[in-house]
Amino acid sequence: MPIPEDVTGDEIDKDVKQELQSLPKTLAEDVARNLVMVARLIDEDPEGAYGYSRVALRLASRVAAVREAAGFAAYANQKYSEALAEFRAARRMTGTVELWPVMADCERGLGRPEKALDMAGAPEVHKLDKAGQVEMRLVAAGARRDMGQLDAAIVTLQSSELASNSVQPWTARLRYAYADALLAVGRRDEAREWFAKAVEADRDGSTDASDRLAELDGVEFVDALDEDEHEHEHEDKGEHEDEGENGTGGEPADAAPQEDGDKD
C-alpha cells in the first residue's frame with residue numbers, strides 16, 4: 001500500500017521504535033511507516049488503517065507493538081475475533097495487562113457478555129492503572145446492558161471516579177455512559193443532568209453528549225444547506241405565483257390550488 005513521502009517512521013512512539021530495533025534497519029523503517037499510517041487513519045478511515053496493519057503484520061509478526069496495532073485496527077473494523085487473537089498474542093509477548101479491557105470488549109462484540117463480566121472480576125483488573133480500571137468498568141456496564149440487566153449496569157458505573165469533580169481523560173465517557181444507562185430505564189431528568197455533566201467534561205468532542213442533551217431538551221438542528229434550498233423553493237414558488245396573477249405565464253389567477261404533492 002502506498003505511503004505518503006512525508007511519513008518517515010520517526011513519528012512513532014519511542015517505546016515502539018525501541019521494539020523495532022530488533023529488526024534490520026530498512027525493515028524497521030518500513031514497519032514504522034506502516035504503523036504511523038495505522039495510527040493516522042484508525043479514527044477517520046478504519047479500513048485503510050486495517051490495510052496498513054496487515055502489511056506491518058506480514059513484515060514483523062513477532063513484534064508486540066505490531067500485534068497490538070493489528071488488534072486495534074481489527075477492533076476498529078469490528079473484526080472482534082481477529083482483534084482478540086492479536087491482543088492475546090501481544091499480551092503473551094509483553095506480559096502486561098493493559099489490553100485486558102479491550103479484550104473483554106471483544107468478548108462482548110462476539111456475543112459473549114458473560115465472558116466479559118468474568119474478565120471484569122479477574123485479578124488482572126487490580127493490576128490496571130486508573131484509566132484501565134475505568135475502561136473495565138465501562139465494558140462491564142456494557143455487558144450488563146447486553147444481558148438486559150439495566151439496573152445492574154447503572155450500579156456498575158457508580159464509582160468514586162463518577163462522583164469526582166475533577167476532569168480526567170475518561171470523565172466524559174464515564175458520565176456519558178451513566179447518563180445513557182439512566183435514560184435506558186426511563187430516569188430522564190437524571191439522565192439530562194449527567195449528559196450536561198458529560199458535556200462539561202468533553203473538551204475534545206469524544207462523545208455526542210451535546211447532541212443527546214439537545215435532543216432531551218427538544219432542540220432540533222436544521223441543516224443550513226437544506227434550509228437555503230427550502231428558502232429558494234419558496235422564492236421560486238412566489239415568482240411563479242406572481243407571473244400567474246399578472247397574466248404573463250404560469251397558472252391563471254383563478255386556478256384551483258394544487259396539493260403540495262403535485263407542486264413537487
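How many aromatic pairs does the count come to? Four, by a rule that pairs rings of Phe, Tyr and Trp (its six-membered ring) if their centres lie within 6.5 Å. Planes under 30 degrees apart count as stacked, over 60 as edge-to-face, and the rest as tilted.

A word on the model before the details. This is a predicted model, where local features need pLDDT of at least 70 and side-chain atom pairs count only at pLDDT 80 or more, while totals for chains, interfaces and linings use all residues. Residues are numbered from 1 along each chain as its sequence is written, and side-chain values use heavy atoms, with hydrogens and water left out.

Now the overall picture. The protein has 15 helices and zero strands. Those are DSSP runs, numbered from the N terminus: helices are H or I with at least four residues, strands are E with at least two. Of the 264 residues, 38% count as buried. Buried means under 20% relative accessible area, exposed over 50%, partly exposed in between, with a 1.4 Å probe and protein chains only. Take contacts between residues at least 6 apart in sequence: 52% of them join residues at least 24 apart. Contact here means heavy atoms within 4.5 Å.

Back to the rings. One of the pairs is phenylalanine 72 with phenylalanine 87. This pair is edge-to-face, 4.9 Å centre to centre, with 70° between the planes. Phenylalanine 72 is in helix H4 and phenylalanine 87 in helix H5 (residues 80–94), 15 residues apart. Phenylalanine 72 is partly exposed, at 31% relative accessible area. Phenylalanine 87 counts as buried because its relative accessibility is 0%.

Another pair is tyrosine 176 with phenylalanine 195, edge-to-face, at 5.4 Å and 70°. Tyrosine 176 sits in helix H11, phenylalanine 195 in helix H12 (residues 188–201), and 19 residues separate them. Tyrosine 176 is buried at 16%. Phenylalanine 195 is buried at 0%.

Next, charges over rings. The criterion is NZ of Lys or CZ of Arg within 6 Å of the ring centre and within 35 degrees of the ring normal. The charged end of lysine 79 sits over the ring of tyrosine 50, 5.1 Å from its centre. Lysine 197 lies over the face of tryptophan 194, 4.1 Å from the ring centre.

On to the largest pocket. Its volume is about 970 Å³. A pocket is an open set of points on a 1 Å grid over the protein atoms alone, where a 1.4 Å probe fits, with protein on both sides within 12 Å along at least five of seven lines. Volume is the space filled by probe spheres set on the points, which are joined across faces, edges and corners. Lining residues have an atom within 4 Å of a point. There are 31 of them, and Tyr75, Glu135, Leu138, Val139 and Arg173 are the closest to the centre. Helices H4, H6, H8, H9 and H11 each give two or more residues to the lining. Which helix gives the most? H8, with eight residues. By type, the lining has 19 nonpolar, three polar and nine charged residues.

Asparagine 34 lies in helix H2 (residues 25–41). Buried or exposed, this asparagine 34? Buried, because its relative accessibility is 4%. Leaving out residues up to four places away in sequence, asparagine 34 touches Ile3, Tyr52, Val55, Ala56 and Leu59. Glutamate 215, in helix H13 (residues 209–216), counts as exposed at 57%.

Conventions:
Nonpolar A, V, L, I, M, F, W, Y, C, P; charged D, E, K, R; others polar.
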